[in-house]
Amino acid sequence: VNMTSYNPSVFLLMVNGQIEGANFPEYDDLYCKYCFVYGHDWAPTSGLEEGISQITSKGRDSSRSLVWNFPLDITFKSTNPFGWPQIVVSVYGPDSFGNDVVRGYGAVHVPFSPGTHTRTIPMFVPESTSRLQKFTSWLMGRRPEYTDPKVVAQGEGREVTRVRSQGFVTLQFNIVTKDMKKLGYDTTSTEQAPAMHLSRTEQPYGS
Amino acid sequence: NHSRFFSDHIPSSKMMFPHTTPTLSLVVLRKRALSQYAWWFVFVGVSLCLTNQAETGLPSAEEAYNFFTFNFDPEPQEDQHKGRLKRRPRRGEGEGEEEEEEREDEETETEDEDLFIIDQSARDFLEVTRAECMEYSTRVQREEELLFTPSTRPVPAYSKLPENVQPRYLEEEGLYVGERPPVSLSNQNILENRILIIYKFDVLFLCLHSIAVALHCSVELGVLSISAQTLTSKHMNRYTVGIGDSQGDYQLDVDVSGLVFSHHPLFSREHVLGVRLAQLCDQQLSRQHKDLNRLLSDKVSGLNGLRNTNEYRMCFIRHTRRLRDAEQEKDRTLLKSIIKVWKELKALREFQRFTNTPYKLYIRKCVEQASDELEQEAEVQAEVAELRAEYTEDYETKMSGYRGQLEEWKSWRRKEKVLKKKQKQRKQLSRDEEDEGSEEELGEEPVKPEAPEKPDLAGLEQQVRKKAAKIRRRPGEPVLLPELTTAGPVTPNEQCPRGELARREDVTKRSLYIKVLYNDKEVSRTDSRSLSTDFRVHFGQIFNLKIVNLPESIKLQVIYESIGSSSSQLAEVCVPIPESSVLTGTAPSEELEFSSNQRVMFNHEGVGSDVPFSFAADGSDRHTLLTSAKLSCCVSWAVGEGGVPLAPPTSQPAAGLHSGLRQRDAIACIGASGLNDMKKLRKWAADSRLDPNDPNNASIMQLLSVAVPDYFRLEQLQEEFNFPSDGELDRSRRFRLLRLRSQEVAEFRNLKAIPALEREISEKVFEDYECRLKEVERVDAKDHIDGHRALVAKYLQKVRKSVVNRFLITKHHFILSDLVIEEEIPSIGILGLNLFKLAEPKRPLKPQRKERKKVTAQNLSDGDIRLLLNIIRGYDIPVRRPNASKPVGARKGSRSYGDPFTSAHSSQTALQGSEWPLGQPVIQPFVEVSFQRTVLRTSTAEGPNPCWNEELILPFRCAPSGDYSTSSLQAVRDEVFINIFDEILYEVVEDERERGASVHTRIERHWLGSIKIPFSTIYLQSRIDGTFKVATPPVLLGYSKERILGSEGGYDAVRSPSEGTFLTLFVTIDPQLVPGDPIREKKFDTQETERLLLACELYEKDAHRRFPDRRCVTTVVDMNGKTVFVTRFIRPLTPPQELLDAFPNSPQETMELVARYVSFIPFLPDSVSFASVCDLWSTCDQFLTLLAGDEEEHAVLLCNYFLAMGKKAWIIIGSALPEGPTAYVLTQEHSRYLIWNPSTGQYYGQYDTFCPLQAVGCLINTDNVWCNIQVYAAPMRMSFDVTKPKCWKPFFSRTFPDPGLSSVQPEYLVYRRTDQTAAAELQDRIEKILREKIMDWRPRHPTRWNRYCTSTLRHFLPKMELSGGREVSEEHRVDVLIGCLISGFPLHLPFSEIRPIIEAVYSTGVHNVEAPSVEFALAVYVHPYPSNVLSVWVYIASLIRTR
């Protein structure tokens, strides 16, 4: 292929990074699952679309944060930015009876622009519909869960649920894109120097 | 020595302070005389002078030096004095004089002492006095003298006015007085009072002047009012926007009549003189018109006549006389200069020897009569007398003054004398202070006044006469009246010298025109006129200017054109804007003078402009003239029709003046807020007529043209976001694809990775879709054999589309359970059950099928899904007829009896062979499963009741899109064909000798029957488990039921329900897929009452609670997507009459026929047509029109027919095999209940073991719905007596009676007779297509058709139809079978499309016969029933010729 006349038909989005850790003040011994949700025009070309991490316990240091450092590495190809991949993270851990219950769902779009990004996702779980059910669910260790964790990546039908916020999960992404500009999608802002991307972090709410 | 010193220095001290105030110097002098320390005071005085009198000049440097460096004795008491002195400068300036006086007194006292104690030290002179303190009252008093506090009380009018003057109040007179700026009354009063005091003396004077001019009562008010006027006018200009905006049409007429040059560069010298002469003459003429001389003379004489010695009058007379004298003098000089210029002109003409100008001066002499002389004499006398009186008066006043002065002087002298005497006395006292003091008192010596000169009255007369001679014509001298004519001859060109000729030629080349500029914009211009030789240009053009904006300026530009050179502007003349009362016709023409300082020089006779020239030959007497001319023009407002002046209203006299300013100032015009309002800005721009070509206006014009649309836009930015136009978007294949996908159009719903670039999308992508769209409209003759069916398909599409849209909306409604899995609150029963489960054996002896883990369809891909079929056993499979073996045996020839050789089951053969003494061949059936063209088969079993117990695994590929979502899986229309074949092995050994060594067999298989299971059923059921009736052809050539062996030829009119072949199967999908969620039907809109719906909900809920696996239906969704109570669908409807007439004597057969008719209506499951959509119930007429429907429609129609035929009929809602949830029809015949499968037309007795109906949920008829509350749901084990409340729970009960629901069904059905010819055409078409297909399926072998057999079969098929599919007598086979081995069967199908027929034929596998001599026979018969219901028979057979 002559490189000068190379006309791409897809662009590539390489995502690597890690689920660094979480901040769940009330819970311990948590593990997390992740999966990607993306549109019709997207296809993963390599890497793992889903994953499940080790169980981590809180450190003894003052921060008492949970660290997974669970690597993410996936490459997508796409023809259309519509349906840009989202990562859905769900955190699970044992309750007081030792039952595995969900501790939080959260989703965030994979960053658009190349560079290093840190994202902190607030996590939430669906609430029981009534106090009695809350009690029985606690007793039986079967908390309400989403039928599909991917629900949190879409807006449809969310109006029927009630959720409670739980904690935060921090992710770090390193984004490399290829041929996006050639296909007419410019996600790098010209005003901001790449260094700005590196230094920019999002602060968790209220922490 | 001190005194000497002082006396010596008196003059010098005097000299030193030449500029000090007299008072001060006086003080100094006095002190000097008193004390030897007095010089200090002098110093003080000086310092006072220096500090206080800034306006006085300083002493010269030398004097100052002398004074300060003079050798004074040092003074030890300096300090004390200083202490005293320091106080002095603190005093106010105004008090200085009084202070001095005070001090004087003090000093005098000390001096007095001093006089006696001469030689005392300085200390002795020092007196310590109390600090001076002024009493408060005195101070206040003094302050009052000095300070003036203006009162705030209003000033009475009389004090503001001079005497005998009445104030005028303009307001009261009805005149408009502008609003004054607000000034508080107290401030005004203060100011008035102040002015009154300050200008105490001037005020009257000022008042005198202001009273006439300003018309205001007091000076200060006048001042105020002036400022007020300016202020208000400014205010008005700035803020009165819109006033004077021209609303009407105004017209200005600019009349440019002509131009006369008073000097032109091309003037010759003669012209210069001529013009000067003409001017002088004009002047003279105008003076003569005015005749001021006479006027004043009359006045003087009149005044003289009065002779009233009023001083004022005298003064006036004198003034008038002086004016008259000046006028007379002017007249005379004018006359003189006219004559002089004329003489010069004449001289010049003579000198240059040609004449350029036609000027000619005549002087008329007008001799006065004698009275003239007398008059003049009297005049002189009067003047003399007057002068004399004047002079006398003057002298007298002078004299009186002189006398006064003289008196003064004399008194002074006397005083002086007295003083001198005193001085003498003083001298004796050797003191000269006294003298000094007296001298001071006397002051300077007045000059001795001189006596005024006595006026020379005698010389007066002489004086007067001399003056008169100078300014007046001498008596008797004729009055000279100059008269200028232009009738003189001008020397023709040819007689002129070269220079003049050149000048004249130059003149002819010149031409002029005038541009008319209105508001600095050229509006028109005159024609170009050449300069005439007399330097006059006549234009005579009137321009009518229709004006919209108010005039700011009207200018006329005189443009100079000369041939051969560019035009240049000579001058610009501003024409005053006329008052609105100046109207065309009445306005006088104005002459506007202008001049140009352009320097023009010529090398010919032309004098040029701004160039010195001389008339004299020697070049002296140089003149410099500038080009100047008079433009006569007239600007006036036009008069419109009916004499209406087209002028702006007169009420705005200032508008013309200020309008320019106002119009120019955009901000003032529109206001600061208007800057945001583009509309206002635009209006302003339109009003002020901005020149769009002016670069200064470029920005604003751009702003106006771009940013100010003429309309109001709701979405201002919409256009910006419309990056491509809509048409462009529509044309783009990519966007179209994306849009169709998002609309979830079936073809594109699951497209992945739509290419990013347009060029990568081929147009073919849309072909299918467009075809489908077109199909809706197109009458497809191939697939839909007749037009009616195409219409039906079209209608179905429409319904489908609208219903799908409806469902798409409801699909996006979510309830909590869709999103969140939540444990139900456990009931005691469940807890108990769970506890019971704990006690279950871990490995039960009879294990039950466990639920497998369900897999969400999203994660699936091709190859993941498999279809598992467990073929367990078969019952009652037809066996080979014994006579069928005869040809085999005959064919083989070599064998004694033609048992087909079965190698695999030789032992069985032996066994069975013993059972069939007639040598009947054993049946060797196997099952072949084909799904999506994948074919698998079981092993071959033996006998009519074989047991295979084999599992077949078929791969499942989804629809072309590769989408495994629930909706697409549901929409899969593929069917699983389960075929039973008989495998026949033929030994094909030709040679008997090889029998022992090799085995050559040919396998033939004969289709015996099939089961079709739609994939959607498997998917929705997730498993199908049970024994199914195999659809066997009515006629199987060569085979017979085993039972026939026993009772051949005679069977009951009502056949045994168990008759038929059965197959026990277990079908499932691996992995287990999550079936699509049933649509929550409750969400649809409805016309049922709320109460009924509520009751339905409760009823269904209750039923579901008690029997979760039993279906209980009370409400259904109709074709319009509305919820309808189910009993509304049940209504007796008459079946087609021809069906009723077919078997008039046998109601049983009629029922069968009706059931057959219903079953001929093609079956189309709702879940296929309405993907992932719930059951839709169509009414019977809709059903017959659509000719497609699922079990419910069939059941409803059949039930309605039965009801119409007077049967007791119900609809059974239950589940059956293999279709799952379904609807059957129950009829009661006496005490027997018959269960009808409406889709097949089959019926079963209640106790039929092989009845496919497995469970009964509820019964429905016209009146009520009964829910099955019996322990068992299987028909065999339950009672159908709905009157038993223990068994059936009615919906409508005594507590909730039937509200009398009307039916949704029509009153009767209209049947159309089906066109026989159309059916025949269809028959031919199907036959043709099938023939081609069979040939296609046999690509490696020639396909021969046996015409004879085909025709035989064709005759046979209608009989089949008439017999209702029952086996008919087999005699037809006899003639067919001669010489042939025939295998084949008729297929019977309802007709919907051709494709299913093809599939059915393919699945039989008849085409697979590969014998070289095989021949085929194909016959198709289409039997038409009313309303286009068609019954299709296909008889397909293979024939192998026997030798």
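Student: What should I know about the model before we start?

Tutor: This is a predicted model, in which local features need pLDDT of at least 70 and side-chain atom pairs count only at pLDDT 80 or more, while totals for chains, interfaces and linings use all residues. Residues are numbered from 1 along each chain as its sequence is written, chains are lettered from A in the order in which they are written, and side-chain values use heavy atoms, with hydrogens and water left out.

Student: What makes B:Asp1102 count as buried?

Tutor: Buried means under 20% relative accessible area, exposed over 50%, and partly exposed in between, with a 1.4 Å probe and protein chains only. B:Asp1102 has 18% relative accessibility, and therefore counts as buried. In chain B as a whole, 43% of the 1443 residues count as buried.

Student: Where is B:Asp1102 found, and what does its side chain make a polar contact with?

Tutor: B:Asp1102 is found in helix α36 of chain B, residues 1090-1106, where a helix is a DSSP run of H or I with at least four residues, and a strand is a run of E with at least two, numbered from the N terminus. Its side chain makes a polar contact with the side chain of B:Arg1105 at 2.7 Å; a polar contact is a pair of N or O atoms within 3.5 Å, where within protein one must be able to donate a hydrogen and the other to accept it, and residues adjacent in sequence count only if both atoms are side-chain atoms.

Student: How do you know how much area chain B and chain A bury between them?

Tutor: Buried area is the accessible area (1.4 Å probe) that two parts lose on being put together, summed over both. For chain B and chain A this comes to about 2,500 Å², with 56% of it on carbon and sulfur atoms. In chain B, the residues that lose the most area to chain A are B:Leu819, B:Glu822 and B:Glu823, together 25% of what that side buries.

Student: How many residues does the contact take from each chain?

Tutor: Contact means heavy atoms within 4.5 Å, and here it takes 27 residues from chain B and 31 residues from chain A.
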